[in-house]
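Hello,

Here is the structure I promised to pass on. Please open it first, then read my notes below.

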Amino acid sequence: MSKIILPEQTIGIVGGGQLGRMMCVAAKYMGFRVGVLDPTEDAPAAQVADFHIQADYDDEKAMTELAEKSTIITYEFENVDVETLNNVQGKAEIPQGTDLLAITQDRLLEKVFLEENNVIIAPYATIIRASDIQRGLEEVGFPCVLKTTRGGYDGKGQYVIYSMSDVAPAMNLLRDGTCVLEAWIPYEKEISVIVAGNGKDSFTVFPAVENIHRSNILHETIAPARIEQEIGEEAERIALTIAKALKLSGTLCIEMFLTKEGSLYVNELAPRPHNSGHYTIEACSMSQFEAHIRGICGWPLPEVKILSRAVMVNVLGNEFYDTQNFIKDKPDWHFHYYGKKEAKYGRKMGHITILTENVEETLEEIFQTAIWD
């Protein structure tokens with residue numbers, strides 16, 4: 001995309017969840033009109049958008065309507081139907097394109113792309129049928145992880161294999177199609193880097209952050225990560241390498257494993273703003289959401305400065321009401337709630353960001369609430 005998209009034009013967002021909601025807020029702040037396509041009535045993003053088309057993501061008629069009402073289209077999650085998006089490219093620009101979607105929707109395509117760009121990933125084997133498993137185990141060894149190539153998130157669609165006794169139950173994943181068998185990386189920390197590009201020659205990289213997961217769902221993000229400076233710089237270099245190879249438009253999150261020896265392995269790409277970047281709203285000179293809107297609109301991207309250390313903690317459905325009891329007692333906590341109607345167990349209902357000068361003290365403060373024990 002060569003032209004710059006100016007305020008008062010319309011950005012169409014496919015997906016109406018919390019990421020779409022925060023994209024909307026950033027876009028509205030910058031002067032754009034925003035429309036949302038999402039099947040959920042009163043979806044979080046729809047609550048702050050100018051219009052809401054309530055339909056499934058593969059509804060071609062609805063996608064066409066979004067395209068006809070929008071100058072450009074973006075997406076808040078990667079499981080969007082590529083063919084449906086391709087069919088409306090003549091009606092509205094899709095700055096991110098659909099190649100990036102296709103790559104990140106398929107773990108095998110993603111791994112091939114990363115290997116072609118000399119990015120280090122875990123050793124893996126392709127498992128098409130049950131008879132492939134023995135060869136795969138010989139190649140990657142124990143422990144290892146069998147993952148579906150498509151549709152997995154928050155730990156779904158994967159099975160850890162510690163010994164031969166785990167193989168039979170893991171094989172159930174093959175019912176969903178081709179899988180990948182990855183070597184288990186004995187990591188010391190999980191980190192991520194968010195990078196943004198404007199589809200041309202402008203890129204900006206957010207600092208590497210440290211992620212703590214519980215039951216495969218992100219629990220806390222510590223910004224910046226508690227790692228050596230040279231490791232942080234290498235993580236940011238890897239992110240920039242990937243962004244340039246993709247001619248990135250908008251934001252991309254690169255999740256990595258850091259080993260005790262200081263090695264970095266790229267684990268996964270997410271072609272959008274990411275849960276681990278929510279801290280940027282308060283703690284950085286530009287949020288990941290503003291960076292995304294700037295990027296897809298072709299605006300030049302400034303260097304990001306981190307203004308404060310921060311800890312972000314997710315609020316799940318089972319923690320939703322308890323956290324609200326602290327609103328009156330924690331004036332320095334930044335509470336974000338997403339407007340979801342039902343507080344289901346394990347469902348992301350909001351997040352809290354705490355700016356801090358002492359990360360360990362803040363982590364202890366969070367622990368002492370007894371909400372996240």
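**A buried serine**

Ser192 is buried, because its relative accessibility is 1% and the cut-off for buried is under 20%. Keep in mind that this is a predicted model.

Ser192 sits in strand β9, which covers residues 187-198. Its side chain makes a polar contact of 2.9 Å with the side chain of Ser276. Leaving aside residues up to four places away in sequence, Ser192 touches Pro207, Ala208, Val209, Asn211, Cys253, Ile254, Glu255 and Ser276.

**The domains**

How is the protein divided? The domain assignment gives domain 1 (10-94), domain 2 (123-183) and domain 3 (187-369). I looked at how domain 1 meets domain 3. Their C-alpha centres are 23 Å apart. Domain 1 brings 19 residues to the contact, and domain 3 brings 23 residues.

How much area do domain 1 and domain 3 bury between them? The figure is about 1800 Å², with 72% of it on carbon and sulfur atoms. On the side of domain 1, Gln18, Met22 and Met30 lose the most area to domain 3. Together these three account for 31% of what that side buries.

There are charged and polar links too. Between domain 1 and domain 3, the count is 2 salt bridges. The side chains of Glu78 and Arg272 form a salt bridge, at 2.6 Å from N to O. Residue pairs in polar contact between domain 1 and domain 3 number 6, counting pairs with both residues at pLDDT 80 or more.

Which elements of domain 1 face domain 3? Both α1 (18-29) and β4 (72-75) supply at least two residues each to the side that touches domain 3. The largest share comes from α1, with 7 residues. By type, that side of domain 1 has 12 nonpolar, 3 polar and 4 charged residues.

**Helix α2**

One more element to look at. Helix α2 runs over residues 60-69. Which of its residues are buried? They are Ala62, Met63, Thr64, Leu66 and Ala67.

At the start of α2, look at Asp59. One of its side-chain oxygens comes within 3.1 Å of the backbone nitrogen of Lys61.

Best wishes

Key:
Residues numbered from 1 in each chain as written. Predicted model: local features only at pLDDT ≥ 70, side-chain atom pairs only at ≥ 80, totals over all residues. Heavy atoms only, no water. Domains from an automatic or database assignment. Contact = heavy atoms within 4.5 Å. Buried area = accessible area lost by both parts, 1.4 Å probe. Salt bridge = Lys/Arg side-chain N within 4 Å of Asp/Glu carboxyl O. Polar contact = N/O pair within 3.5 Å; in protein donor to acceptor, adjacent residues only side chain to side chain. Helix = DSSP H or I, 4+ residues; strand = E, 2+ residues; numbered from the N terminus. Nonpolar A, V, L, I, M, F, W, Y, C, P; charged D, E, K, R; others polar. Buried < 20%, exposed > 50% of the residue type's maximum accessible area, 1.4 Å probe, protein only.
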